[in-house]
Amino acid sequence: MNLRNCARCGKMFNYVGGQPICDSCKKAIEEDFQRVKQYIVDNPRAGLKQISEDNKVTPKQIQQWIREERLMFTSDSPIQIQCENCGELIQTGRFCAKCRSSMANNLSDTVQRAKPQIQQPVKKEPKAGMRFLDT
């Protein structure tokens, strides 16, 4: 059993994997997410600071949800984050479409180069087989 203290509330819990937070804090974060999501639907022109203050959620948490692609904004929204690769402004995720495409191409090129060579089976001679030595 792997016991840890919750990073959010400090309570001890059985850590299985993922974020080191307890189940009750995970539930509270999910409730915060649903509240923020509904707030964005009702107020599509709201800024990050306004969303954060009105819902009592940190801007860092909202940005995390945006990077995880759980929150998405329209193109006319004042909320935009930077692509982690080139710095272009994007509405959701970690990378812009151009960088995602480039990374996917690089990955597929790497996979193509790493394909193993298929060896031709060795042809057996008609008289070849198991031989025994008499001692």
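Is R8 buried, partly exposed or exposed? Select R8: with 44% relative accessibility, R8 counts as partly exposed (buried is under 20% relative accessible area, exposed over 50%, partly exposed in between, using a 1.4 Å probe and protein chains only).

Before moving on: this is a predicted model, where local features need pLDDT of at least 70 and side-chain atom pairs pLDDT 80 or more, while totals for chains, interfaces and linings use all residues. Numbering starts from 1 along each chain as its sequence is written, and side-chain values use heavy atoms, with hydrogens and water left out.

Helices (H or I, at least four residues) and strands (E, at least two) are DSSP runs, numbered from the N terminus. D32 counts as buried, at 15% relative accessibility.

Next stop, E84 and R67: they form a salt bridge with the closest N and O atoms 3.6 Å apart. E84 lies in the loop between β3 (81-82) and β4 (89-90) and R67 in helix α3 (residues 59-67), so this pair ties together parts 17 residues apart in sequence.

Keep E84 and pick R94, as their side chains also meet in a salt bridge, at 2.9 Å, N to O. R94 sits in the loop between β4 and α4 (97-113), 10 residues from E84.

Finally, select R8, D32 and R35 together: salt bridges with shared partners join them into one network.

Notes:
Salt bridge = Lys/Arg side-chain N within 4 Å of Asp/Glu carboxyl O.
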